[in-house]
Amino acid sequence: MSFDEIRERARLGRYPIRGGGARRAVPTFDDLTFLTASASRYPLEGYREHCATRTVLGAANARDPVVLEIPITIAGMSFGALSAPAKEALGRAASEVGTATTTGDGGMTPEERMSSKTLVYQCLPSRYGFNPDDLRAADAIEVVLGQGAKPGGGGMLMGQKLGPRVAAMRTLPEGIDQRSACRHPDWTGPDDLRIKIEELREATDWRVPVFVKIGATRVYHDVRLAATAGADVVVVDGMQGGTGATQDVFIEHTGIPTLAAVRLAADALADFPDVALIVSGGIRSGADVAKALALGADAVSIGMAALVALGCNDTVHDFGPASYADLGTTAGNCVACHTGGCPVGIATQSPGLQARLDPVRGAERVANYLRAITMETTMLARACGKADVHHLEPEDLVALTVEAAAMARVPLAGTEWIPGR
Amino acid sequence: MDIDLSTTTVRTANATLRALPPGATARLTNPAGRHNLAVGLTEEITVEIDGTAGYYVGGLSKNATVLVHGTTGWGAGENLMSGLIRVDGDASQSLAASAHGGTIVVRGDASLRAGISLKGATVLVAGNVGDHCGFMAQAGTILVGGDAGRGLGDSLYEAVIYVAGRIKDLGADARVEELAESDVELVARLAKQHGFDHIDPENVTRVASARQLYHWGTP
């Protein structure tokens with residue numbers, strides 16, 4: 001802990017709170033590299049040969065499985081943490097490229113339902129804004145047990161962001177500092193979770209898939225328990241996963257890196273061929289997507305990266321009224337989502353700041369970004385000789401560091417050595 | 001209409017209930033503690049359950065009346081939006097969890113965390129409630145005809161709890177408040193409406209939020 005961080009605690013008398021994800025250096029997908037084709041493998045031609053990206057989730061139990069055109073979804077982020085225009089923009093972008101977006105703590109807004117062709121509805125411990133009508137309007141249900149930024153902790157929304165509409169949706173007094181429950185109110189443990197999942201299926205007439213999202217901690221056991229409880233899809237969020245507001249100590253000191261989580265989760269699902277795996281937490285590039293798929297994910301989810309594509313940390317409001325400077329930060333370094341003073345209108349409930357975000361133009365940027373990283377993913381898959389991104393496999397990868405080799409369980413580059421094997 | 005759960009799956013029974021028109025009545029026999037009975041109902045129908053229901057009876061429903069002639073498992077009436085759930089016997093944990101509207105009545109006792117995360121519904125328990133009744137309850141009313149366990153109203157928001165018997169202790173940020181005339185009127189009306197004749201409306205304890213946890217983070 002730096003001297004500045006000590007002084008901050010001395011000033012506040014409590015833990016610091018911020019947005020974003022873990023900023024400490026941990027092993028990432030960047031520590032892996034692909035062994036693309038040459039003499040012993042045959043590559044596909046990038047511009048003439050097809051590489052499939054279509055992803056189907058939940059076909060085993062749901063009458064209407066989720067069909068995605070790309071293996072990249074937009075992660076759960078609440079209306080409250082994000083502005084209504086931001087939620088609308090994410091929905092528009094996801095719809096444009098044929099993928100799903102996800103609600104968050106606080107319920108579903110009509111804007112995001114209308115703008116999202118495929119919308120995943122979260123069932124969180126707080127149950128803020130959770131109701132059976134919206135449940136039936138959803139295309140999938142995600143029971144959230146935790147998230148990578150704060151596994152074991154509940155959500156937060158500071159008073160500045162608990163405006164009239166958000167407060168009404170959450171049945172909370174306006175302007176209070178909200179701390180969400182960390183445990184579900186009506187079940188505890190995997191045996192109960194099975195019954196809860198069945199209830200959600202009953203209430204939706206077994207129409208839509210049920211996801212279970214966990215923060216990456218005891219991944220192998222948690223994923224097996226979620227699958228045993230009946231999940232169609234298990235979502236594993238690594239420690240680099242972001243948040244709109246959480247204690248800094250949670251963000252930096254809990255969970256395991258996404259790189260380590262994906263392999264454990266894939267191993268855990270070896271006996272569950274009908275259960276799909278989505279991995280999230282720090283996914284930024286097509287290389288990250290391709291590596292996660294190669295290690296066993298069926299799809300990935302992005303949060304922070306989608307917000308950056310939308311305009312988060314853009315330099316346009318570096319100076320002037322309601323700028324990054326007012327938050328004591330600069331464009332490129334801002335994690336002040338919790339303050340509600342987001343200069344680009346994304347993580348705010350201020351009508352004036354929200355007006356800075358055009359949801360249509362913002363959606364174009366996010367859609368472009370999703371297309372670009374999908375292209376990067378297929379480019380790497382083709383170079384590995386795969387006609388479907390889901391055909392990528394661990395054998396296509398080696399590690400550049402001993403740590404990454406141990407976590408991803410692929411050989412250290414230039415060797416056949418996997419630490420621990 | 002009678003649906004015998006010894007020969008009908010829960011899935012089929014629920015699908016049958018959901019297809020009933022407003023005003024219809026159905027009776028579920030031989031429930032034998034099966035979970036998820038009468039969940040996700042949307043129409044003004046009446047469902048009677050002859051015996052013990054498992055978890056989440058009547059959960060995620062609106063408009064319907066569900067009468068359980070027996071005891072229930074966890075989360076009876078969870079996330080109820082409107083309508084009535086009535087349990088003749090005892091209710092297990094997390095009764096009426098996160099219920100937004102409607103009324104949940106238990107004629108016996110309710111276990112731990114009755115009314116947890118309540119969001120506007122009315123919860124009445126004729127007998128005792130276990131620990132942490134009203135935990136993080138956000139809106140609505142809880143009336144307890146007997147005693148309350150430990151941590152009553154812990155982290156309470158704007159829901160109000162009335163207890164006719166003894167309270168073991170209060171949870172964080174819950175406090176006892178003076179009864180107003182409107183409280184007495186409300187308790188009297190609820191008690192009369194649901195036959196809780198043993199409750200003296202002028203001798204209940206009102207527990208509400210002390211609101212000391214509302215601004216823990218704002219500088």
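## Chain B

Among contacts in chain B between residues at least 6 apart in sequence, 21% join residues at least 24 apart. This value, like every other in the report, belongs to a predicted model. Chain B contains 2 helices and 11 strands. Followed along the sequence, these elements give the pattern β-α-β-β-β-β-β-β-β-β-β-α-β. The radius of gyration of chain B is 17 Å, close to the 17 Å given by the globule rule for 219 residues, so chain B is as compact as a globular protein of that length.

The C-alpha trace of chain B spans about 55 × 45 × 25 Å along its principal axes. Of the 219 residues in chain B, 56% are buried.

## Chain A as a whole

Chain A has 14 helices and 16 strands. Its C-alpha trace extends over about 60 × 50 × 40 Å along the principal axes. A compact globule of 421 residues would have a radius of gyration near 22 Å, and the 21 Å of chain A agrees with this.

Buried residues account for 60% of the 421 residues in chain A. Among contacts in chain A with a separation of 6 or more, 67% are between residues 24 or more positions apart.

## The sheet of chain A

Chain A includes an open sheet of 8 strands, arranged in the order β5-β15-β14-β12-β11-β8-β7-β6 with parallel pairing. The edges of this sheet are formed by β5 (72–74) and β6 (100–102) of chain A; each has a single partner strand, so one side of each is left without a neighbour in the sheet. From one strand to the next, the twist averages 30°. As a general point, the strands of a sheet pair through backbone hydrogen bonds, either parallel or antiparallel.

Helix α2 (residues 84–97) of chain A lies across β5 and β6 of chain A, and runs at about 160° to β6(A).

A:Ala226 belongs to helix α7 (residues 219–228) of chain A. Is A:Ala226 buried or exposed? The count of other C-beta atoms within 10 Å of A:Ala226 is 30, and a residue is buried if that count is 20 or more, so A:Ala226 is buried.

Apart from its neighbours within four places in sequence, A:Ala226 is in contact with A:Val212, A:Ile214, A:Ala231 and A:Val234. The C-alpha atom of A:Ala226 is separated by 10.0 Å from that of A:Ile197, a residue 29 positions away along the chain.

## Where the two chains meet

How many residues of chain A are in contact with chain B? There are 23 such residues in chain A, and they are in contact with 35 residues of chain B. On the side of chain A that touches chain B, the elements giving two or more residues are α4 (132–137) and α6 (190–203) of chain A. The most is given by α6(A), with 5 residues.

By residue class, the side of chain A that touches chain B divides into 13 nonpolar, 3 polar and 7 charged residues.

Conventions:
Residues are numbered from 1 along each chain as its sequence is written. Chains are lettered from A and ligands numbered from 1 in the order in which they are written. This is a predicted model: local features need pLDDT of at least 70, side-chain atom pairs count only at pLDDT 80 or more; totals for chains, interfaces and linings use all residues. Two strands pair if DSSP finds at least two bridges between them. Helices (H or I, at least four residues) and strands (E, at least two) are DSSP runs, numbered from the N terminus. Axes are lines fitted to C-alpha atoms, for helices over the stretch in contact, and angles run from 0 to 180 degrees between N-to-C directions. Two residues are in contact if their C-beta atoms, placed from the backbone, lie within 7 Å. Ala, Val, Leu, Ile, Met, Phe, Trp, Tyr, Cys and Pro count as nonpolar, Asp, Glu, Lys and Arg as charged, and the others, Gly among them, as polar. The radius of gyration is taken over C-alpha atoms; the globule rule is 2.2 Å times the number of residues to the power 0.38. A residue is buried if 20 or more other C-beta atoms lie within 10 Å of its own, exposed if 12 or fewer, and partly exposed in between; C-beta atoms are placed from the backbone.
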